[in-house]
Amino acid sequence: MSQDESIEREFDAVMRMSGLQVPPERRAGALIAFKEMRRFAALVRRPRSAAAEPSNTFSLKPFVRRP
Amino acid sequence: MNPVLAKPLHELSIAEAGRLLRAGMLTSTALTEHALSCIASLNPLLHAFILVTKERALADAARADRDFVAGIDKGPLHGIPYALKDIYETAGIRTTCHSKLLLDHVPQADCAVEAKLKAGGAVLLGKLATHEFAFGGPSFDLPFPPARNPWNPEHFSGGSSSGSGAAVASGMVRMAMGSDTGGSIRGPAFYCGIVGLKPTYGLVSRRGVFPLSYTLDHIGPLAWTVEDVALTMQVIAGHDPLDPASADLPLPDYTSQLGHDVRGLTLAYPRGFFLRAADLSSEVLASLDAAAQQMTELGATVNEVDFPEFDLFNACGRIILTSEAHAIHEKDLKARPLDYAAYTYVRIAAGAALTGPDLMQAFRLRRELTAFVNEQVLGQHDAIITANGLCPAPRLDEYDPAGLPKNTLQTIPFNVTGNPALGIPTGFSRSGLPIGMQIVGRPFDEVTVLRIGAAYEAASGVNHKRPVLELPIAV
């Protein structure tokens with residue numbers, strides 16, 4: 001199986017699992033966008049320690065009762 | 001004769017019109033009637049407005065005129081016409097997000113910014129075109145056509161605040177509100193040759209503005225001058241306990257340093273960052289270098305710095321944006337796929353490709369990139385001057401509806417980091433289309449960003465040129 005066929009199968013499987021029925025006339029565009037997202041997902045994986053927190057770390061500050 | 005009085009009404013800035021209104025030399029009604037006449041003449045060509053609220057505007061204007069006679073002054077936008085991107089909820093006024101999905105949506109309440117503008121006595125002219133749900137691209141498969149560029153209507157006006165850019169640049173309105181999740185205020189500012197501010201994340205309430213991406217959405221104004229942007233910030237900035245991201249901080253006077261020079265300021269200039277971009281045009285590069293040189297001549301110290309690759313910022317921002325947008329639209333993507341424009345559908349549906357760990361890695365990278373910009377760069381500099389768009393506005397027929405819309409902006413880094421970023425014109429391409437740059441500041445330091453922008457604007461004089469549209473304006 002070529003790499004293109006492989007990613008198309010992955011695309012079809014992911015869309016099916018997500019419950020999206022991609023209209024046939026939009027499949028080509030959606031596949032391009034899907035490939036772009038997979039490329040981005042590879043880019044954001046970089047060496048970092050387990051302690052490196054995400055930017056949206058949960059905080060209770062807004063709910064602290066103010067005097 | 002006062003040169004301000006010799007100007008056509010649509011060329012008066014907010015500051016100039018405000019002075020005339022307070023001196024009794026102009027009425028809000030005259031200003032509003034003139035704006036409505038401009039819209040009637042120009043909108044059939046530019047498609048900037050998708051709804052004109054004529055009766056509401058004339059009523060607002062009459063009220064403002066009565067207020068001025070009675071000595072009531074509600075602030076810098078009192079009596080000034082403005083318009084809203086059609087993702088801003090307006091009580092009793094249709095708010096469609098430029099989408100078939102919300103074609104009949106009439107909100108019960110105003111968004112926070114509209115409530116502030118209304119309380120400030122401003123005059124609502126109507127609702128403006130946007131890319132569908134502030135995403136997608138310039139689409140022809142929607143209930144309303146895309147806005148067109150006043151400098152050449154065959155070209156893109158930028159997006160997603162496409163109507164805001166076109167309406168301000170053409171003189172239909174002197175201030176329009178936009179939103180910026182990846183560059184949607186600064187892009188139209190660049191392509192249309194006007195000024196647009198993406199304020200710091202959390203400075204202007206997002207409540208009641210249809211969300212695209214909860215952690216990347218920023219609300220801000222587009223206007224012809226830096227001063228008009230500053231005057232608008234005076235009205236719209238401030239804490240909103242009902243916006244979970246809203247910052248509770250004392251507000252400065254955003255006009256306080258306009259007119260100050262830039263001597264003593266240190267500016268970072270990441271030339272290598274945008275020089276590596278494949279789409280960078282030689283004209284934009286030359287204009288950025290000239291702007292950096294002008295800053296030096298004005299007394300600032302300009303240092304070249306390096307940045308991480310644009311691709312990293314872009315990947316980080318696009319993963320967060322697409323994940324958040326997909327979560328918002330998940331139900332309609334499944335139930336009504338063909339009611340979205342093709343561009344919007346394929347871009348939001350792509351969120352299905354992303355996993356929980358993908359999003360978490362993007363959030364971890366976001367913290368690293370934010371620390372880099374604010375500690376490594378803005379820890380040693382007062383602001384950054386850098387590229388906004390990489391090339392002038394593309395032609396609308398260059399967009400392939402079967403693919404993805406092209407993006408040649410370098411704006412998303414500062415959505416990822418949340419810093420304030422001002423899009424400001426630097427000149428024109430040989431084809432007559434505007435080009436510009438960004439000025440980026442420390443979080444909540446809009447005052448310095450506006451000071452630098454105003455100093456550059458005054459020295460360069462680029463905002464004196466306005467598009468000439470071959471249509472009659474009745475008033």
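Visitor: Where is B:Ser160 found?
Guide: In chain B, B:Ser160 is in the loop between strand S5 (152–156) and helix H6 (162–170). Helices (H or I, at least four residues) and strands (E, at least two) are DSSP runs, numbered from the N terminus. This is a predicted model: local features need pLDDT of at least 70, side-chain atom pairs count only at pLDDT 80 or more, and totals for chains, interfaces and linings use all residues. Residues are numbered from 1 along each chain as its sequence is written, while chains are lettered from A and ligands numbered from 1 in the order in which they are written.

Visitor: What is the omega of the peptide bond from B:Gly159 to B:Ser160?
Guide: Omega is near 15 degrees, and the bond is cis.

Visitor: How do you know that B:His98 is buried?
Guide: Count its neighbours. B:His98 has 31 other C-beta atoms within 10 Å. The rule is 20 or more within 10 Å for buried, 12 or fewer for exposed, and partly exposed in between, with C-beta atoms placed from the backbone. So B:His98 counts as buried. Look for B:His98 in the loop between strand S2 (81–85) and helix H5 (112–119) of chain B. Its phi is positive, about 60 degrees, although it is not a glycine.

Visitor: What makes B:Phe133 count as buried?
Guide: B:Phe133 has 26 C-beta neighbours inside 10 Å, so it counts as buried. B:Phe133 sits in the loop between strand S3 (123–128) and strand S4 (148–149) of chain B. Its phi is near 55 degrees, a positive value in a residue other than glycine.

Visitor: Why is B:Leu9 called buried?
Guide: B:Leu9 has 20 other C-beta atoms within 10 Å, and 20 is enough, so the residue is buried. B:Leu9 lies in the loop between helix H1 (3–6) and helix H2 (14–22) of chain B. Leaving out residues up to four places away in sequence, B:Leu9 touches B:Leu31 and B:His34. Touching, or contact, means C-beta atoms, placed from the backbone, within 7 Å.

Visitor: Which residues of H2(B) are buried?
Guide: They are B:Ile14, B:Glu16, B:Ala17, B:Gly18 and B:Leu21. Their cover includes H1, helix H3 (28–46) and helix H4 (54–69) of chain B. Just after H2(B), B:Gly24 has a positive phi of about 75 degrees.

Visitor: What makes chain B as compact as a globular protein of that length?
Guide: Chain B has 15 helices and 13 strands. Its radius of gyration is 21 Å, close to the 23 Å that the globule rule gives for 475 residues, so chain B is as compact as a globular protein of that length. The radius is taken over C-alpha atoms, and the rule is 2.2 Å times the number of residues to the power 0.38. Of the 475 residues, 59% count as buried.

Visitor: What makes H2(A) oblique to H12(B)?
Guide: The axes of helix H2 (residues 27–43) of chain A and helix H12 (residues 342–349) of chain B come within 8 Å and cross at roughly 40 degrees. That angle makes H2(A) oblique to H12(B). Angles under 35 degrees count as roughly parallel, over 145 as roughly antiparallel, 65 to 115 as roughly perpendicular, and the rest as oblique. Axes are lines fitted to C-alpha atoms, for helices over the stretch in contact, and angles run from 0 to 180 degrees between N-to-C directions.

Visitor: Which residues of H2(A) and H12(B) make the contact?
Guide: H2(A) uses A:Gly29, A:Ala30 and A:Ala33, and H12(B) uses B:Ala342, B:Val346, B:Arg347 and B:Ala349.

Terms used
Contact = placed C-beta atoms within 7 Å.
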